[in-house]
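Open the model in your viewer and keep the sequence panel beside it. The stops below go from one selection to the next.

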Amino acid sequence: MNNFEYYAPTRVLFGRNTEAETGRLIKEQNCRKVLVHYGSGSVVRSGLLDRICKSLDAEGIPYIPLGGVVPNPRLSKVREGISLGLKEGVDFILAVGGGSVIDSAKAIGYGMADEGDVWDFYARKRTACACLPIGAVLTIAAAGSEMSNSSVITNEDGWIKRGYSSNYSRCRFAILNPQLTCTLPDYQTQSGCVDIMMHTLERYLNHGTNLKMTDGISEALLRTVIKSAKTLRDEPENYEARAEVMWASSLSHNGLTGCGTDGGDFASHQLEHELSGMFDVTHGAGLAAIWGSWARYVYKERPDRFAGLAAKVLMVPEKGSDQETALAGIEAMEDFFRSIGMPVSLRELGIESTDRQILELADNCSFGNTRTIGIVKKLGREDMAEIYRMARG
């Protein structure tokens, strides 16, 4: 077991109708003016935005709205938010939505706290030293951004998708009402379930020694999401399943499932970021499409961990060797993805990639052949290209 530091300072308010407490929680932050950041019309049509604004009005808190965040959130919207926030004297940001909105809010927070170009943080040219305080009202269980230190932004100049992590951006509070996710289309619900699972799988499938307690938490989380995803496929308004998935979203990416490990292998996420940057696909679906090819490319480096996943999470009977069990587990995971309507190849994702695009994806992911990714197996540019080829289907 490795030494570790666990830090999860976000206050969580979980359950039915908890969004009514938004104004009270923000008032405790002693802020002067709030930027209410949200996505498309869904929060307006559902009445959620109106309920939150009434909660702010009841507490006498001034606010300015900024909508229009899209999946794979754009740098241009971040810059718009920075400009608006500075003009209006905003000193707190409230994100109302899913991971894309929260990620956009974090980027705005970085930009308002620093005079330079916010993209410099995501391009690894500078390190953040501050961020405006942020709160979140979650409407999609997926990214875990409500309790993580991470955010991911897409730069339209080249359609490059990059992530940045800093504890400065951790939300002061997160309001989690599973009822708010009941109207999501099934594709979005299931894409979110895949994203949640990947945040834990990528920490679980590592190349170090492991803490049995952390493994047990990870395995239970994965089994719970698999069961809940199947329930929601058949009963989309099942509150208990919605609640399990929403809490799993937060636990999967707040660091808990990585305690005592070597940090895990996030190559699948990095490979997928290039897919959704270039093709603007739904993130969770992109992860499902790439994961099996990554797993088959690397499993021989740590067959025991893949075999453990197969036996303890997917209930695959042990085969003649760890390698055989591992392969059976990868197939079982893909069967699960198919069962909830998720793609397991680029073709099923709707991408007919050219050879040129494959090379461009690999070049972007390797930062022009200047970095490797992965822990289970170090992946260079050619490895990345081969995984993209395998994933074509």
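**Stop 1: the sheet**

Select V137 and look across to I175 in β8, which stands opposite. The model is predicted, so local features need pLDDT of at least 70, side-chain atom pairs count only at pLDDT 80 or more, and totals for chains, interfaces and linings use all residues. Residues are numbered from 1 along each chain as its sequence is written, and side-chain values use heavy atoms, with hydrogens and water left out.

Now show β5 (residues 134-138) with β8 (residues 173-176): the two pair in the parallel sense over four bridges. Strands are DSSP E runs of at least two residues and helices H or I runs of at least four, numbered from the N terminus; pairing requires at least two DSSP bridges.

**Stop 2: T200**

Go to T200 in helix α7 (residues 186-204). T200 counts as buried because its relative accessibility is 0% (buried is under 20% relative accessible area, 1.4 Å probe, protein chains only). Leaving out residues up to four places away in sequence, T200 touches S218, L221, L222, S252 and T257.

**Stop 3: two helices**

Finish with α11 (residues 283-298) and α13 (residues 322-339), whose axes lie 10 Å apart. Residues that meet include W291 in α11 and F337 in α13.

Definitions and conventions
Axes fitted to C-alpha atoms, helices over the stretch in contact; angles between N-to-C directions. Contact = heavy atoms within 4.5 Å. Buried < 20%, exposed > 50% of the residue type's maximum accessible area, 1.4 Å probe, protein only.
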